[in-house]
Amino acid sequence: MGGELFLDYLIGTTPEIDAQLHRYLAGVPEGSPLNRYLYGILDEFIMRGGKRARPAMTMLACQAVGGEPGRALASGCAIEFFHAAALIHDDIMDAGILRRGQKCAHILHGIPLAINAGDYALGLVCTIVVRDPLLDEATKLAVLDVIGEMSARTVEGQALDVGWVHDDVYDLTPDDYLDMALGKTGYYSGIAPLKAGAIIGGATQEERAALEGFGRSSAIAFQIQDDLLNIVGDVDTMGKDYLTDILESKRTLMVIHSLAEAKPADRERLVTLLRLGHEKTLDQAAEVVELLQRTGSLGYARELARNLIMDARACLEAVPGSPARDVLASMADFFLERER
């Protein structure tokens, strides 16, 4: 099918999503101190762009089970604010410089104001759902439960991702990576938007389970593809994201596979290079990539991502056929085909 249907849907819905996101931050005068030190910082960061895939997923899931997609817009925006907060805070943890082609929030405004803006975005997440005039109280509670689970699982995944590097952990399996990726990315980039949309649309339990399974597999494939692009992309396309996982010695699926499959001398060399952390030169980073290629780890990751997309598409068979379901199937392909 390809990702064209989903890309067209994103293009069509992004203006509406952007307008809704901006409305949540437009309550103070433009020249006021609060706008300068808080609302304006977050609004500028949000309006830099982004795929808006999470609000789009929420609306699509609602529509796919027979609901009105506009009723899911606010909840999708709530998850998008969670995403913004995660990016702002991650950039600080990773000492990032650029985000979406511009300086990171903490570089532009200083770490304290950037942290505060991220914190405010997190505070908005539940407030947006609670104050949504289109949802009844029971639906709000159900969506908030999804968001609470999403928040906990995402932080757990991030803790593993950072902790493995911090504690110099190398004895990991692909299943360890999949558990980490499910937490770090799977919930807020797949499971939560689709579950929330399904709930708002009045889905059956079977439909909810199908959309959750679809979100789980497609989002992990998204993360694997993200890790691959970090290595095999080019600096012009990837910008600041090019080779950052290698420079930060992240335990990606490719690294974990290579550590398990490499000959003893190659494994020892790979561990030595990983232990250099940010001290690696670009030549040493290139050597890591060469070791990953030598052990077939890039091909292994591509194949696993493809299999996950096939699993995701199979899950959709339990959802009634509709244009919205077709767009969701296209989304799975889009996640695998994307170049950045």
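Student: Which helices each supply at least two residues of the lining of the largest cavity?

Tutor: Some ground rules come first. This is a predicted model, in which local features need pLDDT of at least 70, side-chain atom pairs count only at pLDDT 80 or more, and totals for chains, interfaces and linings use all residues. Residues are numbered from 1 along each chain as its sequence is written, and side-chain values use heavy atoms, with hydrogens and water left out. On a 1 Å grid over the protein atoms alone, a cavity is a set of points where a 1.4 Å probe fits but cannot get out, a pocket is an open set with protein on both sides within 12 Å along at least five of seven lines, and lining residues have an atom within 4 Å of a point. Helices are DSSP runs (H or I, at least four residues), numbered from the N terminus. Here, α2 (33-46) and α4 (73-93) each supply at least two residues of the lining of the largest cavity, and α4 gives the most, with four.

Student: Which residues line the largest cavity, and what is its volume?

Tutor: A volume is the space filled by probe spheres set on the grid points, which are joined across faces, edges and corners. The largest cavity has about 30 Å³, and its lining consists of F45, I46, R52, E80, H83, A84, L87 and R100. By class, the lining holds four nonpolar, one polar and three charged residues.

Student: Which helix gives the most to the lining of the second largest pocket?

Tutor: Helix α7 (residues 137-166) does, with four residues. Four of the lining residues are nonpolar, two polar and four charged.

Student: How many aromatic pairs are found in the whole structure?

Tutor: Rings of Phe, Tyr and Trp (its six-membered ring) pair if their centres lie within 6.5 Å; planes under 30 degrees apart count as stacked, over 60 as edge-to-face and the rest as tilted. The search finds seven pairs. One of them, F222 with F335, is edge-to-face, at 4.8 Å centre to centre and 65° between the planes. Because F222 lies in helix α9 (residues 205-232) and F335 in helix α16 (residues 323-337), this pair ties together parts that are 113 residues apart in sequence. F222, F335, F6 and F334 form one aromatic cluster.

Student: Are F222 and F335 buried or exposed?

Tutor: Buried means under 20% relative accessible area, exposed over 50%, and partly exposed in between (1.4 Å probe, protein chains only). F222 is buried at 13%, and F335 is buried at 2%.

Student: How many residues has the largest nonpolar core?

Tutor: In soluble globular proteins, nonpolar side chains tend to be buried together. A nonpolar core is a set of buried Ala, Val, Leu, Ile, Met, Phe, Trp, Tyr and Cys residues joined through side-chain atoms within 4.5 Å. The largest has 103 residues, and F6, F81, L211, I224 and L328 have the most contacts inside it. Helix α8 (residues 174-200) contributes the largest share, 13 residues.

How values were computed: Nonpolar A, V, L, I, M, F, W, Y, C, P; charged D, E, K, R; others polar.
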